[in-house]
Amino acid sequence: MAAHLSYGRVNLNVLREAARKELREFLDRCAGSKAIVWDEYLTGPFGLIAQYSLLKEHEVEKMFTLKPGSLPPADVKNIIFFVRPKLEIMDIIAGNVKSEVKQRSHRDFHILFVPRRSLLCEQRLEEQGVLGSFINIDQYILDLIPYDGDLLSMESESAFRECYLENDQTSLYHAAKGLMTLQALYGTIPQIYGKGECARHVANMMLRMKREFAGSQNQILPVFDTLLLLDRNVDLLTPLATQLTYEGLIDEIYGITNGYAKLPPEKFIQKKQGEGGKDLPTEPKKLQLNSAEELYAEIRDKNFNAVGAVLSKKAKIISAAFEERHNAKTVGEIKQFVSQLPHMQAARSSLANHTSIAELIKDITTSEAFFDNLTVEQEFMTGVDTDKVNTYIEDCIAQKDPLIKILRLVCMQSVCNNGLKQKVLDYYKREILQTYGYEHILTLNNLEKAGLLKLQTNARNNYPTIRKTLKLWMDDVNEQNPNDISYVYSGYAPLSVRLAQILVRPGWRSIEEVLKMLPGPHFEERQQLPSGLHKKRENRTTLIFFLGGVTYAEIAALRFLSQVEEGGTEYIIASTKLINGTSWIKSLMDKLEAPPF
Amino acid sequence: MGSELSQNSVTEAKIFHSAYRTGVAILTKAYRFSVVTNIEDQKIWRLPDVPGLQTSGLSCWTVISQDRQTKLVLASGRNIYVLDSDSCTSVTVPGLDPDISSYLHMSASFNYKYLALYTNTGCIWMGTSNLKEKLGEFDCKFHAPPKQMVWCRRPRSQQPSVVLMWDSLLLVAGKSNESIQYPYDELYLVPELDGVRIIGSKSHEFLHEVPATCEEIFKIASMAPGALLLEAHKEYKKESQKADEYLREIKDQNLLPTAVEQCIEAAGFEYEPETQKMLLRAASFGKSFLSNFSPERFVTMCRELRVLNAVRDYTVGMPLTYVQFRQLTVQVLIDRLVFRRLYPLAIEICKHLKIREFQGVSHVLKHWACFKVQQKEPDEDIAHAINQKLGDTAGISYSEIAAKAYECGRPELAIMLLDFEPQSGEQVPLLLKMKRGQLALNKAIESGDTDLVYTVVMYLKNEMNRRDFFLTLRKHPVALSLYRQFCKHQEQDTLKDLYNQEDDHQELANFYVQESYQEAKVEVRVAELQKAVDEYSKARNEFAAKATEEQIKLLKFQRKLQDETDKPYVDRSLHDTVYSLLLEGSHRHAEQLYKDFKIPDKRYWWLKISALAEKNDWEELEKFSKSKKSPIGYLAFVEVCVKHQNKYEAKKYVSKVTPELKVKAHLLVGEVEQAADIAIERKNENDLNLVLSRCNQSTDRSLVERLNKARSGANKK
């Protein structure tokens, strides 16, 4: 089921198994048949840990979504609420329980808080007079969820907003706790580097927590050599750019949530002979995307322009393999062919799926709108006319293109110009308010607070310096056989990944000046290892943690660095959430809707 | 306890051990039984009445607690009853002389598996406690009832044996016809897991069955492997070659591992350190001839014996047998030592047995510290002494100790101790209990755990008056922003007060904007927005102030329009409003908005031509295109026409498109050849590519060739 988690350098299945064990133990503590009432937000992340079958084995017979009012009828002994510790949710639970009590049902109630118990919430339940009704109140520590063989995510959608807009560092506390769990399973990480305010805060908490557990030395040989903590606001530019890797584009266009993408169904219809396409499916096609699928693992991180070649090569190999059957003469040969059949068929259906997806994407990437948008992005990233009002953006507003697209571009221009002149900024803002509605004044305010939109102060525009020093733009990019990370954006090398790359070689000291231009402090900490656990290993492993989200293209770039020899280290990636420009901007928007008249 | 007990005086009570710790069985004057299976939770069970007890009387009874079930066995005259929570059954004892008229005594074994009955004829019946099987009988011929009768057996022993005591005699009875008798005065018997403790006025003895292993080793002329090994070792010490003979004898039978194990096991049963050493040395000697014998048992035995010998010392006075020690576990032993305040010994034992810190040393130290805080010494001295001893020992919870200090009425000491607590999270609840809100807030923030911060903030909110509360928050930005988040979801009004208090005009303005959207009435909304304008101005956010003023202007305009036309305009953006007006042909209103709101020409042109195209007003579109020079060029005209499927109209504007965009324009209207001509003429590679990408099977071959040729030319250039 989750074999792909153990393929990588670090066996992340250990983490998943630990999480599953804990879940089973909790379920067994509530003896008898049970129904789970889900905080809907949690179902996706939980899917990465355990399928329904596991729950079923532990007598979970029904599942409901948490809703105000009374619970649906179910003939079970236990009702378990799987929820995040939020006050609004506590009120709903209290309502559920009260109505059950009124109906004199003899059920046992339990709460499982994810990822952590909360005194505040328990107080609220007490105020509501239902705290005593719960037999078990427990926590399910699910900070870092194994997402793929080299990828961990907290699946915390609002982390960036909370940290940078609301000054609420809850997710950072969970991140620090998650890192402590990782260290308990994979050994103390001897070196910690970081850049940014949040990174500093997380590192401080980690060091503090380590002191709290002083004495209980961790006797595991460290798996990770280095931890690199990066604030998302150190690199605001990268997520704004359109990702050009295969996986990145799937996410940009269709969105990938909790490892699944929902795609338009038309291209996935099985063409059966003699049957016209009489019933067209209307439900979107849901596909799980991870490295367990051999073909996907091969193409996910490629520049989209290099995907076609691989797919056609694969097609040839597979049809050749199927042709083999004509050569099979002896019974033994036929038997061998048949034994390979399931694998070949899986490969063929995988190929068919990805060919369809690639066709869908190609229709979009070859469109003029896509091309024009990309051209403007690339102009900004190379520093062309970033100080003036851009006609393309103007035209897009005039034609009322989607607001998020506009915001992505305007923010990008602001970031690439280290802020916009008052006149330009006000012009854009006014255009947006007039076209999309004045209610977006709050969203614009948020973007300014997060530093995505900014007024240029007297200071010089330092983006060109950063771009040149860090080689953020590469003209001679090779999309087919890349030799540099810039292939993931067809020219632009993600700043965050450059920082990671330079940290390994030649070290951050070489870019002190640029580091000072980027927001937040940069730092280095060492954690003492118990004697005897110092290892001399050539293959270094770095855990890189993006506080505030990471894009698929950045992940692709890091995987590329893991593969090249001169990279010097292999990366395991952790993040508060997997994001793209659209989902990211969306998380920063404030929706205001007036009541109907 | 139950009302039954308060009404009827208790005549007898028996204390027993059960699966739930210690229980008590009670007999009242009215011959009613009640049972408490765990004295900790005091749940009392009334047992059913036994018929006829009132008349025939009760001679003896005992408690059987097995498999989480507690039963009573009682004798009344010649009848035996088994009493459980819901029934009373009369039982016939198998294999007993029917002449018996009464039972004088009964006793259950330590594990409740066996029962012994003493009859009026002086016969001792031994059997299983379910009274289904008889194990043996012994006739001691005494008619006087014994003072005490207890079982004496070790776990897994096959021999039933019972010890009886009369005034000056102790008698051990078993299956055989013979009995062992000891003369004694004044003593008391305590049945235990593996024997009987005999407590006299001046002595303390332990009577138990000789363990099989010891018997095998020490029996005269024993040929058991253990005995031979012991002998071999003795000879070896004498440097006699007989040692080899003995060893060979064991080895020939492949029994050396058994021999070693026997010696180790026997050592555990011995009390004299010299004998223990003798056996262990023999084991060690035998072990050296074995290559893959795990040393673990040997090492554990040595360590544990050392501990046992230490606690058996008279100054400590815990004469535990090895079997008892194993049954109790080290944890319990340590707890008992701690209870007797033998802290140093407990710590030494923990270290010697290498017990994990939080169960061992830390555990003992914690108890020591909890005891220490109750001493009458100055706070500083105690805090210092505790910290000195405990330091940063893992698993020590200073907050637990502090809680104890607080419980003993020493809050100052508690605070001093809390300061040593490395986990700030642990400090908070106690600090709150001690009403040190401010300190708790500092600690909560330090921990980084936002839930804790929330908890303290909520506490402070209830404890303090509003002004002080806000002032406190102001000093702690982290707490302040968390409280803001809380208010945003839970208490909107407080949020406003909070911003007011801080003179945060920007946020206040945003707050009013948000408020305005909660309102259905345009007038109220305008009022809220007006407040927002004021606050934005105070915050020197001129842009926002102006934009909000514009919004008010638009709202009022839309309201008026809505009243006039009875169409919904309110809540559309300016852009959408203008667009609808244009679609509806209200050009006058559209123009007015265009001017009043200073809509840029470019956008207005886009708006107008899109609207005209949408309503297929081609005439007006053409007129508009000629009204003045288009600020958005003419490709836009081509595009809107094509968008609404009118290539004919679109073609009208192609000629007006600037040369750079002409290729695109031609392609839009489907004129590939013209596009090709221009592209070839302009020798622009991008244009050429664009045209080529539109060529397909039906395109003229020669055209494609010309394009390709031009492209290669452009390439070279």
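Predicted model: local features only at pLDDT ≥ 70, side-chain atom pairs only at ≥ 80, totals over all residues.
Which hand, left or right, has the crossing of helix 17 of chain B and helix 18 of chain B? Select the two helices and look. The crossing is right-handed.

**Confidence first**

Colour chain B by pLDDT. The average for chain B is 87, and 98% of the residues score at least 70. Select helix 22 of chain B, residues 522-538: confidence is highest here, at a mean of 94. Then select helix 1 of chain B, residues 3-7: here confidence is lowest, at a mean of 62. Where pLDDT is low, the coordinates should not be read in detail. For the complex, the predictor gives an ipTM of 0.87 and a pTM of 0.77.

**Stop 1: helices 17 and 18 of chain B**

Select residues 450-463 for helix 17 of chain B and 466-475 for helix 18 of chain B. Their axes come within 8 Å and cross at roughly 150°. Angles over 145 degrees count as roughly antiparallel, and helix 17 and helix 18 of chain B are therefore roughly antiparallel to each other.

Now show side chains. From helix 17 of chain B come Val457(B), Leu460(B) and Lys461(B). They meet Phe469(B), Thr472(B) and Leu473(B) in helix 18 of chain B. By class, this contact has four nonpolar residues, one polar and one charged.

**Stop 2: helices 21 and 22 of chain B**

Go on to residues 505-516, helix 21 of chain B, and keep helix 22 of chain B in view. The two pack at an angle of about 165°, with axes 8 Å apart. Helix 21 and helix 22 of chain B are therefore roughly antiparallel as well. Here the crossing is left-handed.

Show the side chains again. On helix 21 of chain B, pick out residues including His505(B), Leu508(B), Tyr512(B) and Glu515(B). On helix 22 of chain B, the residues in the contact include Arg525(B), Leu529(B), Ala532(B) and Tyr536(B). The contact of helix 21 with helix 22 of chain B divides into seven nonpolar, four polar and six charged residues.

**Stop 3**

Which strand pairs with strand 1 of chain B over eight bridges? Select residues 21-28: this is strand 2 of chain B, and the pairing is antiparallel. For a landmark, click Glu12(B). Opposite Glu12(B) stands Leu27(B), in strand 2 of chain B.

**Stop 4: a second sheet in chain B**

Zoom in on strand 11 of chain B, residues 123-128. Strand 11 and strand 12 of chain B pair in the antiparallel sense over five bridges. Click Met126(B): its bridge partner in strand 12 of chain B is Gly136(B).

**Stop 5: a hairpin in chain A**

Switch to chain A. Select residues 145-148, strand 6 of chain A, and residues 151-153, strand 7 of chain A. They pair in the antiparallel sense over three bridges. Together they form a hairpin, with two residues between the strands. Find Ile145(A); opposite stands Ser153(A), in strand 7 of chain A.

**Stop 6**

Most residues other than glycine have a negative phi, and most peptide bonds are trans.

- Select Val114(A) and Pro115(A). The peptide bond joining them is cis, with omega about 0°. Pro115(A) lies in the loop between strand 4 (108-113) and helix 5 (119-127) of chain A.
- Select Arg505(A) and Pro506(A). This peptide bond is also cis, with omega near 5°. Pro506(A) lies in the loop between helix 20 (495-504) and helix 21 (512-517) of chain A.
- Select Glu59(A). Its phi is positive, about 65°, although Glu59(A) is not a glycine. The loop that holds Glu59(A) runs between helix 3 (52-57) and strand 2 (60-65) of chain A.

Definitions and conventions
Residues numbered from 1 in each chain as written. Chains lettered and ligands numbered in written order. Heavy atoms only, no water. Pairing = 2+ DSSP bridges. Helix = DSSP H or I, 4+ residues; strand = E, 2+ residues; numbered from the N terminus. Axes fitted to C-alpha atoms, helices over the stretch in contact; angles between N-to-C directions. Parallel < 35°, antiparallel > 145°, perpendicular 65-115°, else oblique. Left-handed = near helix turned anticlockwise from the far one by under 90°. Contact = heavy atoms within 4.5 Å. Nonpolar A, V, L, I, M, F, W, Y, C, P; charged D, E, K, R; others polar. pLDDT = per-residue confidence, 0-100.
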